[in-house]
Amino acid sequence: MRALIDLIIQKKHWFVFILLEVISLAFLFSHNGYQKSVYFTTANDVVGTTYNVISSITSYLHLKEENQALEAKNQYLRKKLLEMQQQMAQDSVKRMPALPLKYELVSAQVVNMTLHKSNNLITINKGEADGIRPEMGVICSQGVVGIVYMTSRHYSIVIPLLNTNSKVSCRLRHSEYFGSLIWERGYANIAYITSIPRHAPVKVKEIVETNGYSDVFPAGLPIGQVVRIGDSSDGMSYMLKVRLFTNFTTLREVSVITNYTSAERHMLEEIAQNPEKADSTMLEQLKEATEKPDNPIR
Amino acid sequence: MSSIYISRFFRLLILLFFQVLVFNHIHLMGYITPLVMGYMVVCFRHNSSRISVLTWGFITGLLFDIFSNTAGMASASCTLIAMVQPLILKMFTPRDAADDFKPSFLTLGFWNYILYTFLVMLILHGAFYLLDAFTLADWILTLTSILGGSVLTTIIIVFIELLVHSKQKKKHHA
């Protein structure tokens with residue numbers, strides 16, 4: 001017994017060695033997928049924090065490469081921007097990317113315009129020869145401009161939103177309550193929306209856009225932004241004060257939406273309104289139009 | 001006594017720091033990574049307590065494992081070199097050396113020190129890379145890793161030793 005204890009004391013480093021090796025190998029084999037032992041891997045908090053600090057230091061070493069990459073990216077984006085700007089300058093429709101492609105736009109320039117009368121009109125330099133007809137919508141890069149009123153061979157007269165006779169149906173972008181936009185003589189950038197019901201959740205700064213009910217504009221074109229919520233004169237509905245997006249004082253480039261108005265719809269509505277007048281020829285025309293539904297009125 | 005432990009502890013921290021930050025990112029030829037942590041064991045004096053060497057070696061390896069996600073591999077191989085270090089050092093002990101001399105260029109001589117370090121490193125890298133591969137199928141790769149790692153680590157340790165040595169000399173002169 002004594003000899004055994006002597007041996008153990010004498011050779012104790014062997015026992016320690018074997019013990020430590022067994023521990024190590026136990027680690028090695030039990031953690032062969034070391035996911036199990038969070039504490040003995042880089043996943044533990046102390047080591048993780050250390051590596052975080054280290055990476056926050058070493059990230060500076062890569063700043064040069066990162067800068068170069070960013071510079072290259074910048075260059076690329078700048079080039080893209082330039083291309084885009086050129087393209088937009090050609091189209092003259094600068095902020096209407098959401099406009100579906102099925103609408104054809106004819107760009108035109110404003111040649112005459114009044115702002116301070118109660119019935120302002122805009123003259124543009126495109127007319128029947130370019131496919132423009134009365135009741136077509138006119139827009140610009142910022143928003144809605146107005147509706148074509150009369151056309152000649154090479155010119156058209158547009159009733160802008162800034163006309164007391166103008167009435168464009170519109171809606172609030174988020175709540176989708178609709179009303180009609182009217183203008184009162186005075187400011188060239190302020191209009192009003194009537195007949196928004198009192199239970200509608202209206203907020204200041206809400207965007208007003210076209211609602212697509214009318215035959216003139218497709219839905220979703222921006223008109224303006226609500227700046228004040230007031231009551232209408234009869235107190236039954238809201239009267240919203242709207243700041244128009246379109247800056248009429250500097251308006252120069254406009255676009256006319258030429259093929260939105262559908263002949264079929266137009267005809268159908270006409271028949272519906274005057275059923276007694278609807279004779280066989282009109283129904284014939286309607287049938288014709290149905291066969292070419294996307295044909296504009298020409 | 002405690003000052004020895006403190007200096008060992010700081011040596012361990014510094015070695016760990018450089019191992020994790022620098023040497024773990026060296027992959028010569030794609031797979032030769034120096035395990036400079038082994039310097040911790042190489043430094044132990046002649047006739048140190050064997051249990052002490054074993055414990056420090058194990059801790060060194062364990063810390064390396066934790067920081068490198070190599071569960072058990074380094075602790076097993078560091079414990080192994082901690083076991084054989086006294087034996088190897090005995091082989092190189094000069095006749096007139098003090099009983100508790102510290103292995104260095106001065107005590108062992110330049111070439112003997114390099115050979116001593118290389119032998120310890122060979123065992124360390126041998127154990128580490130064999131446990132890593134755990135097969136002899138790709139033995140050329142394993143052998144290259146072992147030999148390359150040993151040589152590279154020996155060179156690094158010689159540089160460290162020269163640096164420490166020159167500093168001590170300066171201190172001595174001053």
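Visitor: Why does A:Glu135 count as partly exposed?

Guide: A:Glu135 has 14 C-beta neighbours inside 10 Å, and a residue is buried if 20 or more other C-beta atoms lie within 10 Å of its own, exposed if 12 or fewer, and partly exposed in between, with C-beta atoms placed from the backbone; with 14, A:Glu135 therefore falls into the partly exposed class. This is a predicted model, in which local features need pLDDT of at least 70 and side-chain atom pairs count only at pLDDT 80 or more, while totals for chains, interfaces and linings use all residues. Residues are numbered from 1 along each chain as its sequence is written, and chains are lettered from A and ligands numbered from 1 in the order in which they are written.

Visitor: What makes the phi of A:Glu135 worth a remark, and where does the residue lie?

Guide: Most residues other than glycine have a negative phi. The phi of A:Glu135 is near 70 degrees, a positive value in a residue other than glycine, and its place is in the loop between strand S2 (122–124) and strand S3 (137–139) of chain A. Here strands (E, at least two residues) and helices (H or I, at least four) are DSSP runs, numbered from the N terminus.

Visitor: Why is A:Lys205 called exposed?

Guide: A:Lys205 has 8 C-beta neighbours inside 10 Å, and therefore counts as exposed. A:Lys205 also has a positive phi, of about 80 degrees, although it is not a glycine, and it lies in the loop between strand S8 (190–197) and strand S9 (207–210) of chain A.

Visitor: How do you know which class A:Ile182 belongs to, buried or exposed or in between?

Guide: A:Ile182 has 19 other C-beta atoms within 10 Å and is therefore partly exposed. A:Ile182 is found in strand S7 (residues 178–182) of chain A, and its C-alpha atom is separated by 6.2 Å from that of A:Ser166, 16 residues apart along the chain. Not counting residues up to four places away in sequence, A:Ile182 touches A:Lys167, A:Ala191, A:Tyr192 and A:Thr194, where contact is taken to be C-beta atoms, placed from the backbone, that lie within 7 Å.

Visitor: How much of each chain is buried, and of which elements is each chain made?

Guide: Of the 298 residues of chain A, 24% count as buried, and the chain comes to 6 helices and 12 strands. In chain B, buried residues make up 40% of the 174 residues, with 7 helices and 0 strands.

Visitor: Why are H4(B) and H6(B) called roughly antiparallel?

Guide: Helix H4 (residues 73–92) and helix H6 (residues 110–133) of chain B pack at an angle of about 155 degrees, with their axes 9 Å apart. That makes H4(B) roughly antiparallel to H6(B), given that angles under 35 degrees count as roughly parallel, over 145 as roughly antiparallel, 65 to 115 as roughly perpendicular and the rest as oblique. The axes are lines fitted to C-alpha atoms, for helices over the stretch in contact, and angles run from 0 to 180 degrees between N-to-C directions.

Visitor: What makes H1(B) and H3(B) roughly parallel?

Guide: H1(B) and H3(B) pack at an angle of about 30 degrees, with their axes 11 Å apart, and that angle makes H1(B) roughly parallel to H3(B). The contact is made by B:Arg8, B:Leu12, B:Leu16, B:Gln19 and B:Val20 of H1(B) and B:Trp56, B:Thr60, B:Leu63, B:Phe64 and B:Phe67 of H3(B).

Visitor: Why do H2(A) and H4(B) count as roughly antiparallel?

Guide: H2(A) and H4(B) pack at an angle of about 160 degrees, with their axes 7 Å apart, and are therefore roughly antiparallel to each other. In this contact A:Phe17, A:Leu20, A:Glu21, A:Ser24, A:Leu25, A:Phe27 and A:Leu28 meet B:Met73, B:Ser75, B:Ala76, B:Thr79 and B:Met83.

Visitor: What makes a set of residues a nonpolar core, and which residues touch the most other members of the largest one?

Guide: A nonpolar core is a set of buried Ala, Val, Leu, Ile, Met, Phe, Trp, Tyr and Cys residues joined through C-beta atoms within 7 Å. Of the 51 residues in the largest such core, B:Met37, B:Val41, B:Val120 and B:Leu124 touch the most other members. H6(B) gives the most to this core, with 10 residues. Apart from it lies another core, of 42 residues, among them A:Ala108, A:Ala191, A:Ile223 and A:Leu240.

Conventions
Contact = placed C-beta atoms within 7 Å.
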